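Could you take a look at this one with me? I've jotted down some notes to read alongside the picture.

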Amino acid sequence: MERLPGFRDFYPEPVPTQDVWSADARNHIFAKWRLTARRYGFREYDGPPLEPLELYTVKSGDEIVGQLYSFTDKGDRSVALRPEMTPTLARLAAAHERNYKKPIKWFAIPQLFRYERQQKGRLREHFQFNADILGENDPAADAELISLLIDSLRALGLTADDFVIRLSSRNAWQEFFNARCSDQFKAYSFYQIIDKLDREAPAESAGKLTALGFSLSEVTEFIQGGKPTKELEAVLQNLAARGLSDFVKVDYNVIRGLAYYTGVVFEAFDKKGQFRAVAGGGRYDNLVKLISRGKVDLSAIGFGMGDVVLLELLKERKLLPRFDAGLDAFCLIEDETLRPESLRLVQNLRDAGLAVDYLFVPAKTDKQFKRAVERNAAHTVKVERMSDGQLALRMKSLRTRDETVVSLTDAVERLCRATAMQSR
Ligand code: HAM
């Protein structure tokens with residue numbers, strides 16, 4: 001039976017074929033995301049993967065609503081698999097914001113589902129690192145968040161030569177729109193056209209803009225002008241103070257496809273322009289109020305960084321480490337009468353935190369040894385009966401080939417020490 005198109009299988013390394021994904025690489029980026037978020041004082045949250053459909057129809061915008069995996073459940077509820085995390089976060093924050101001091105700094109790594117046309121960098125399921133700050137509308141929060149975005153990419157080995165954050169402002173675009181059109185219902189359609197300018201043929205964009213009463217030339221002129229708004233200036237200064245100016249530039253091509261953004265918006269791109277956006281985000285100061293039906297008013301800013309484009313980029317730049325989850329020890333059982341003692345040893349070593357494996361059923365010594373090598377074990381360990389009848393442990397380093405015999409009582413301590421020395 002085949003997996004569904006746009007969905008992925010994750011295998012441990014070495015992955016068997018080109019069309020499956022590496023579970024080790026995925027864990028590697030999750031670990032870096034978590035570490036960086038914690039360095040910035042963010043706390044982890046999560047929510048359900050299935051939500052009421054209405055959560056997305058309120059304000060995510062037609063594009064994402066058109067991509068929903070939605071259905072009616074057995075209780076006659078209209079539900080959808082989450083296509084993004086932001087509405088869930090708004091719902092969570094609104095429900096219990098009083099329990100948390102502001103600003104709230106939270107992150108999550110949800111799996112998201114969008115019925116998109118499958119293409120490079122776009123699948124029907126992806127994982128997304130979400131980091132958001134709620135309850136602070138000073139641009140200092142925007143800068144902190146953008147700094148976290150930069151550092152989570154730097155933590156993976158990417159530099160200012162590899163990526164750039166393109167900063168823009170929905171306020172600036174809103175002003176542009178208001179000066180030319182008074183029909184707010186057209187604003188979202190207008191943003192959608194701007195969002196796709198880079199990806200669509202100019203004639204197609206020009207036609208759509210004309211239909212709304214705009215011209216492509218005035219739009220292009222505004223983008224090329226690129227004059228930072230006051231809030232963008234503040235963000236740029238804040239990032240300059242951190243020494244991070246090289247990672248950002250003002251670029252009004254960015255506007256963001258989602259409907260709820262209100263102020264500063266941004267996207268992270270690889271500098272060679274080979275891939276789609278690695279991450280995107282911005283301010284959404286009205287969403288919590290909308291989702292809580294006016295009960296809670298919390299300003300917010302956040303971003304989402306997907307694993308698909310990121311892994312493609314890291315692979316292309318050769319920034320993924322070699323993954324061989326080695327073992328600290330492999331227990332050889334040559335004398336089957338000593339299997340109970342060997343199991344006790346394995347248990348003791350595992351209790352001490354070491355990674356240990358062995359074969360479940362009797363096997364020739366060379367087969368066991370071969371498996372130890374395949375599993376990249378640092379040591380083999382073997383319980384042996386000595387000539388005086390006492391039991392002892394023979395441990396051998398597969399790195400240095402040194403062999404020692406120690407008493408069973410010292411076994412755990414000796415192996416822990418040897419493992420610590422080797423990992424230095
Ligand atoms: P988004 O721009 O829709 O924003 O997604 C953010 C990132 O997720 C994209 O830049 C891309 O890397 C990845 N992504 C999105 N869709 C797919 C897909 N079909 N396949 C693979 N990767 C994908 C949001 O989702 C906002 N909720 C982010 C946010 C958080 N804004 C404020 N807080």
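This is a predicted model: local features need pLDDT of at least 70, side-chain atom pairs count only at pLDDT 80 or more; totals for chains, interfaces and linings use all residues.

1. Residues are numbered from 1 along each chain as its sequence is written, and side-chain values use heavy atoms, with hydrogens and water left out.

2. Let's begin with the overall layout. The protein chain splits into domain 1 (10-316) and domain 2 (329-422), with bounds that come from an automatic or database domain assignment. Their centres, taken over C-alpha atoms, are 50 Å apart.

3. Now, what surrounds the ligand? There are 26 residues around it, and the closest are Glu-84, Thr-86, Glu-116, Asp-132 and Tyr-261; a residue counts here if one of its heavy atoms lies within 4 Å of the ligand. By class, this shell holds 10 nonpolar, 10 polar and six charged residues. In that scheme Asp, Glu, Lys and Arg are charged, Ala, Val, Leu, Ile, Met, Phe, Trp, Tyr, Cys and Pro are nonpolar, and the others, Gly among them, are polar.

4. Check the ligand's nitrogen atoms next. The side chain of Glu-84 puts an N or O atom 2.6 Å from a ligand nitrogen. Thr-86 has a polar side-chain atom 2.7 Å from a ligand nitrogen, and for His-126 that distance is 3.3 Å. The cut-off for a polar contact is a pair of N or O atoms within 3.5 Å. On its own the ligand exposes 660 Å², of which the protein buries 96%; these areas come from the Shrake-Rupley method with a 1.4 Å probe.

5. Which elements give two or more residues to the shell around the ligand? They are β9 (125-134), β13 (279-283) and β14 (300-306). Strands are DSSP runs of E, at least two residues long, and helices are runs of H or I, at least four, numbered from the N terminus.

6. Finally, the backbone. Most residues other than glycine have a negative phi, and most peptide bonds are trans. Here, the bond from Glu-13 to Pro-14 is cis, with omega near -5°, and Pro-14 is in the loop between β1 (10-11) and β2 (21-22). Lys-102 to Pro-103 is also a cis bond, with omega near -5°; Pro-103 lies between α4 (86-96) and β7 (104-108), in a loop. Arg-256 isn't a glycine, yet has a positive phi of about 80°, and belongs to the loop between β11 (248-250) and β12 (264-270).

Note on methods:
A polar contact is a pair of N or O atoms within 3.5 Å; within protein, one must be able to donate a hydrogen and the other to accept it, and residues adjacent in sequence count only if both atoms are side-chain atoms.
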